Amino acid sequence: MLNLRLYLVQRMSAMIMAPLVLGHIVVMIYANRGGLSTGEILGRTQGSVFWATYYGVFVAVVSLHAAIGLRVILAETTGLKGPALGVFTWGFCLATLLLGGHAVWAVVAP
Amino acid sequence: MRSVPKHLEVSIWRGDSAGGYFEDFQVPAQKNQTILDVVSWIQQNEDATLSYRYACRVGMCGSCAMMVNGVPRWTCRTHVNKAMKGNRLEVAPLRNMPVIKDLATDMDVFFDKWVKAEGVHHPSKTREDVIEPITGDNIERAKANAGIECINCAVCYAACDTVRGNPNYLGPAALQRAWTVYNDVKDAGKRAVLAAVSGRDGCHNCHTQGSCTLYCPNDLDPMGAIAGLKRATIAAAFKKEVG
Amino acid sequence: MIQPHRKHPLWFAHILHRLSGLALALFVPVHFFVLSKAVTNPAALDGFLHWAESPLVKLAEFGLVFLLAVHIFGGLRLLALEFLPWSGPRKTLAAGAVAAGFLISVTFLLRAI
């Protein structure tokens with residue numbers, strides 16, 4: 001469930017993500033033509049400070065946004081609350097953050 | 001002209017908080033009759049033990065709301081033709097509240113939440129002070145005006161699926177009252193209101209599903225009032241007044 | 001069965017936002033995991049990308065892009081409803097969000113095939 005703080009994090013993360021996701025959609029449509037390969041992806045991203053920042057920010061913010069969103073769905077559909085709900089929220093957030101951080105490192109590390 | 005059927009097929013929910021069932025009745029059709037007329041006819045002619053609640057019969061008191069064919073309505077001002085599916089009516093107690101008996105629900109929780117949301121007057125003057133005139137062109141007054149026609153019928157509360165998912169959520173009616181009190185120039189409890197609606201079960205849980213605004217019989221906009229509270233609490237949070 | 005009181009545009013917009021959000025939240029960690037293979041195991045990522053060329057997977061990708069687009073435009077709609085001093089349900093806005101979602105995902109599909 002959402003108090004003022006969680007609500008603020010959810011809406012602010014949404015506002016930060018909005019332009020990043022729109023940009024990501026444009027890149028997907030542009031890059032996907034004729035199929036993707038590892039070489040193509042890495043050629044664009046490796047050593048690029050811009051893409052590292054772009055996707056780094058995205059990973060940080062999407063981890064929060066997805067974790068809080070799932071928290072609400074879980075609370076409202078299963079009735080889960082108390083410490084268990086907090087453990088789930090921040091556990092999911094941390095796991096996504098680590099996986100995302102690893103992924104960004106994998107594609108931008110020179 | 002649509003031909004008027006002789007009888008309406010009416011299913012009425014019977015039971016209490018432990019459970020219940022739908023009982024079928026045939027009710028003589030009239031050219032003009034409300035849902036409340038139908039329920040009253042059954043209670044007066046078929047089964048005197050049928051329990052339901054009403055008082056004013058003119059849409060003022062807010063006590064006769066029920067689920068009619070799955071939708072919450074004020075039954076005294078709802079014409080049968082407006083709610084009927086074919087020739088059938090299904091009348092049940094309001095959602096999201098415990099049933100006392102048959103069509104009468106226990107509205108205690110609903111009213112308790114008005115107080116929990118600080119939807120009460122916080123005096124800023126004493127009886128010794130002169131009455132402060134508030135003119136119609138006052139912006140706060142206009143915002144408060146938008147919500148004051150609420151008759152506490154709980155139609156919005158019964159329609160709200162956020163209440164369904166979290167029974168402690170304050171709900172559209174109490175939050176709209178809080179927004180009205182917040183905009184009352186003569187109210188001294190603005191911070192208390194914002195703090196009361198910012199908790200775990202407060203206005204930030206609203207998912208903007210809009211069922212409250214859609215079904216409000218007085219055409220009020222609780223969803224818009226809740227959005228107002230969201231904006232006000234955020235502004236207060238950035239000023240470190242709440243949160 | 002959808003309950004009668006839920007059959008209106010804003011509730012449908014809500015459920016679409018919730019289901020797309022749920023799907024995306026579950027997809028994102030998987031997406032990150034696959035991408036991290038780029039360095040640890042490039043052959044596996046290429047194998048995956050090759051597999052992703054099959055028509056069925058292309059269709060699933062179209063679904064994902066649709067979910068993403070409809071979630072972002074639905075989210076922008078919510079931000080507008082909450083933060084702009086508007087009133088009323090603004091049903092056109094909900095319809096517009098879904099339309100924009102379709103437009104973008106179909107563009108993606110047409111480019112991808």
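Biologist: What covers the buried residues of helix 3 of chain B?

Modeller: The cover includes helix 5 (155–159) and helix 7 (172–182) of chain B. A helix here is a DSSP run of H or I with at least four residues, a strand is a run of E with at least two, and both are numbered from the N terminus. This is a predicted model, in which local features need pLDDT of at least 70 and side-chain atom pairs count only at pLDDT 80 or more, while totals for chains, interfaces and linings use all residues. Residues are numbered from 1 along each chain as its sequence is written, and chains are lettered from A and ligands numbered from 1 in the order in which they are written.

Biologist: Which residues in helix 3 of chain B are called buried, and what makes a residue buried?

Modeller: A residue is buried if 20 or more other C-beta atoms, placed from the backbone, lie within 10 Å of its own, exposed if 12 or fewer, and partly exposed in between. In helix 3 (residues 108–116) of chain B, the buried residues are Phe110(B), Lys113(B) and Trp114(B). They span an arc of only 105 degrees around the axis, so they lie on the same side of helix 3 of chain B; the arc is taken from the directions from the helix axis to the C-beta atoms. The face turned away from that buried side carries the exposed residues Asp108(B), Asp112(B) and Val115(B).

Biologist: Why are strand 2 and strand 4 of chain B said to stand at the edges?

Modeller: The open sheet of chain B has five strands in the order 2-1-5-3-4, with mixed pairing. Two strands pair if DSSP finds at least two bridges between them. Strand 2 (19–28) and strand 4 (71–74) of chain B each have a single partner strand, so one side of each is left without a neighbour in the sheet.

Biologist: In which sense do strand 3 and strand 4 of chain B pair?

Modeller: Strand 3 (residues 65–68) of chain B pairs with strand 4 of chain B in the antiparallel sense, over four bridges. Within strand 4 of chain B, Trp74(B) is the bridge partner of Ala65(B).

Biologist: How many residues does the contact take from chain A and from chain C?

Modeller: The contact takes 31 residues from chain A and 30 residues from chain C, where two residues are in contact if their C-beta atoms, placed from the backbone, lie within 7 Å. On the side of chain A that touches chain C, the largest share, nine residues, comes from helix 1 of chain A.
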